[in-house]
Amino acid sequence: RILGPLDGDTAAACGIQETWLAQLVSTRRAITVHIAGRACIAAIEDAGRLRDALGTVLPLGIPDAHLGTSPDPLGDLVSRYARTHGPFTATELAHAFALPIAVVNSMLHSQVASGALLRGEFRPGGSGEEFCDRDVLRRIRRSSVAHLREEIEPVELTDFAQFVLQASGVQPAGNTASAARVVDGDDVAAALDRLSAFPLPASTVLGIVHARIPGVQARHLDALLAARTFTWWSLGPLGSRDMTIAWAPAAIAADVRAMLRDGQPRPWANLEPTEQAVVEVLRAGGAFDVDSVHASVIRTGTVMSWESVEATLWDLAAYGWVTCDSWSALQARVIGRQGPRVNTRMSTRGRSRSPRRTRMVVRSGGPRWSMAPGLESTTGLTPPDGLAPASNPEEAAVEYAGIVLERWTIASRLTVSQEQPTGGFAGQYRVLSALAEAGSCQRVYAVDGAGGAQFAVHGAVDSLRESAARTHREDYVVSALDPASPFGTLLPWPPAPEHAGTNPRLARRTGAVVALRGANLRAYVEASGGSIYTWGIESDDDATALLRDLAHHRQHLTTRSRALLTTIDGTSLLTAAKPPDGQSRVWTTLVSIAGFTPTPRGWRWPSSA
């Protein structure tokens, strides 16, 4: 009776099952009638109203109590239709009851005059003259306001951290389909593009790309460098071999580098004479292998051996002066065995043999060397004055802001603090505000705790809310230095796990690996690979699955392949002793099941899983 006569389609749309209606008919609480040519189920109390208003033929056997007349049967039907529907047109009402449109219009306008109905255009898109019950419209407005408030309510940082993992293209740990997919050069280029201008240790880059494109190898990066699609430059050495580098598309690399706070190379005056001689050779332009650079240096009168030239080129690369077109060569340099470095000053002295005669065999197949981006334009200046300014500072600033927006989808003080822009967030705020005014991005407040100034690419906020509404949380294994890894940047590190014998020093370190479930930390593997700390492990099966994920992904995320695992949560794996009080998990059994190999000094990480 609340909804009025219902045909089968309308009842199904309202979630009413046919068996319920059949039971009402069988108990004579409802009747079957035909209205507008449709078989409908109506409450038996409406029998007299339907007969008098619509001329409906009623079934036999209806008690007289339900056949009485009412003062305004048609008005009763129209009022109930309005109370149980949203905005409607006169045509829709006429179709529902098979009434002449003139009769419907007269009835509706009389109810508008009495104040029972409102008239206007209520639905988006403009449906012409519409009618709506006053109370129904009030409920719609309340629901709309509540929905809009929910839409503008910011999400938690943990939800944003989960969204960044997805938006960055990081593949879930158990995504076997992506692991088996053939690596596409365009996908690798897109992954590198999202990492543009982000400072990373060179030893971690391939692993970070692998988290997005499983199966990627150094040769895929070689192809992009050799084709001059991308280039790299160093922001400074890390230890004796590694270096902090940044990537960018070659076409914009010079301008992007000029926007970085640490983009300047080591000052010219601080370079050794032999290093200056090598730079002078490359400043003429072009890309040369070590043989060509060595020959050119000899022609200038500088005494250097081939080995000294090669070592000097790597030193200059670490200082930010030169770059090469082979990622395989860079990877071999930063992850190769530690050995004595060639001292260029010692190598140019004390050699009785001529450097020309030391190069008995022509080395081939090595990388081609050239000036790093932003330094090519210094050709002709004596001495070089370092990094050239951006060709168009305003366009460079917009280009860099676009990179930041694409990387994070929602840029704020919290995310930009992980970058190294000149002027910090204050400098980026001016550019992002101009982009928002131009309509290239949106000024929003979508993430609680990320500061009041937030800028999002179009569609990012809707995607963020959809991600936050999902209850399922994917598992991820990433480098601790990955931009998408939230701990130490977006989120604080959690306290030490329960029953841990020691208090771990969690940090974003080169070689460290983290396992996540959504934005929740599940495990932290120290850079040495000797210790694992876990959080929220629910069962032995869960722990074994976690160890397998770590073993499978860690081999791609770190260069320390010969590490030995010795402790988990402070529990030594070197003995088969029972676990400490409060722990029921025997880790030695689980690491064995996960594929680790026992040795006298610890458990060797699987080389493949």
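**Exercise 1. Burial around helix α5**

Task: In this predicted model, determine which residues of helix α5 (residues 90-97) are buried and where they fall as seen down the axis of α5.

Solution. 
1. List the buried residues of α5: A90, L93, A94, A96 and F97.
2. Look down the axis of α5: these buried residues fall within an arc of 160°, so they line one face of the helix.
3. The cut-offs are under 20% relative accessible area for buried and over 50% for exposed.
4. Identify what the buried residues of α5 pack against: the strands β2 (30-35), β3 (38-43) and β5 (130-133), and the helices α3 (47-54), α4 (73-83) and α6 (101-114).
5. Inspect the residue that follows α5: A98 has a positive phi, near 55°.

**Exercise 2. The sheet with β1, β2 and β3**

Task: Give the strand order of the open sheet that holds β1, β2 and β3, and state which strands stand at its edges.

Solution. 
1. The order is β1-β3-β2, and the pairing is antiparallel.
2. β1 (6-7) and β2 each have a single partner strand and stand at the edges, so one side of each is left without a neighbour in the sheet.
3. β1 is joined to β3 by two bridges. L6 has I41 in β3 as its bridge partner.
4. Helix α3 packs on the sheet and touches β2 and β3, with its direction at about 15° to that of β2.

**Exercise 3. The sheet with β11, β12 and β13**

Task: Work out the order of the open sheet of β11, β12 and β13, and find which helix packs on it.

Solution. 
1. The three strands are ordered β11-β13-β12 with antiparallel pairing.
2. The edges are β11 (410-412) and β12 (442-444); each has a single partner strand, so one side of each lacks a neighbour in the sheet.
3. On average, neighbouring strands of this sheet are turned by 30° against each other, direction ignored.
4. Three bridges pair β12 with β13 (residues 454-456) in the antiparallel sense, and Q442 stands opposite A456 in β13.
5. The helix is α22 (residues 424-437), which touches β11, β12 and β13; its direction makes about 50° with that of β13.

**Exercise 4. A covered strand**

Task: How many residues of strand β14 (residues 475-479) are buried, and which strand is joined to β14 by bridges?

Solution. 
1. Five of the five residues in β14 are buried, and the strand is mostly covered.
2. The partner is β15 (residues 513-517), which runs antiparallel to β14 and is joined to it by five bridges.
3. V477 stands opposite A515 in β15.

**Exercise 5. Two helix pairs**

Task: Classify the packing angle of α14 with α15 and of α8 with α23, then describe each contact by residue class.

Solution. 
1. The axes of α14 (residues 273-282) and α15 (residues 290-299) come within 9 Å and cross at roughly 110°. Angles of 65 to 115 degrees count as roughly perpendicular, and α14 and α15 are therefore roughly perpendicular to each other.
2. In this contact, A277, V278, V281 and L282 of α14 meet V293, S296 and V297 of α15. By class there are six nonpolar, one polar and no charged residues.
3. α8 (residues 157-167) and α23 (residues 460-469) pack at about 110° with their axes 9 Å apart. The pair α8 and α23 is therefore also roughly perpendicular.
4. D159, F160, Q162, F163 and Q166 of α8 meet A460, S463, L464, S467 and A468 of α23. The classes here are five nonpolar, four polar and one charged.

Key: Residues are numbered from 1 along each chain as its sequence is written. This is a predicted model: local features need pLDDT of at least 70, side-chain atom pairs count only at pLDDT 80 or more; totals for chains, interfaces and linings use all residues. Side-chain values use heavy atoms; hydrogens and water are left out. Axes are lines fitted to C-alpha atoms, for helices over the stretch in contact, and angles run from 0 to 180 degrees between N-to-C directions. Helices (H or I, at least four residues) and strands (E, at least two) are DSSP runs, numbered from the N terminus. Angles under 35 degrees count as roughly parallel, over 145 as roughly antiparallel, 65 to 115 as roughly perpendicular and the rest as oblique. Contact means heavy atoms within 4.5 Å. Ala, Val, Leu, Ile, Met, Phe, Trp, Tyr, Cys and Pro count as nonpolar, Asp, Glu, Lys and Arg as charged, and the others, Gly among them, as polar. Buried means under 20% relative accessible area, exposed over 50%, partly exposed in between (1.4 Å probe, protein chains only). The arc is that of the directions from the helix axis to the C-beta atoms. Two strands pair if DSSP finds at least two bridges between them.
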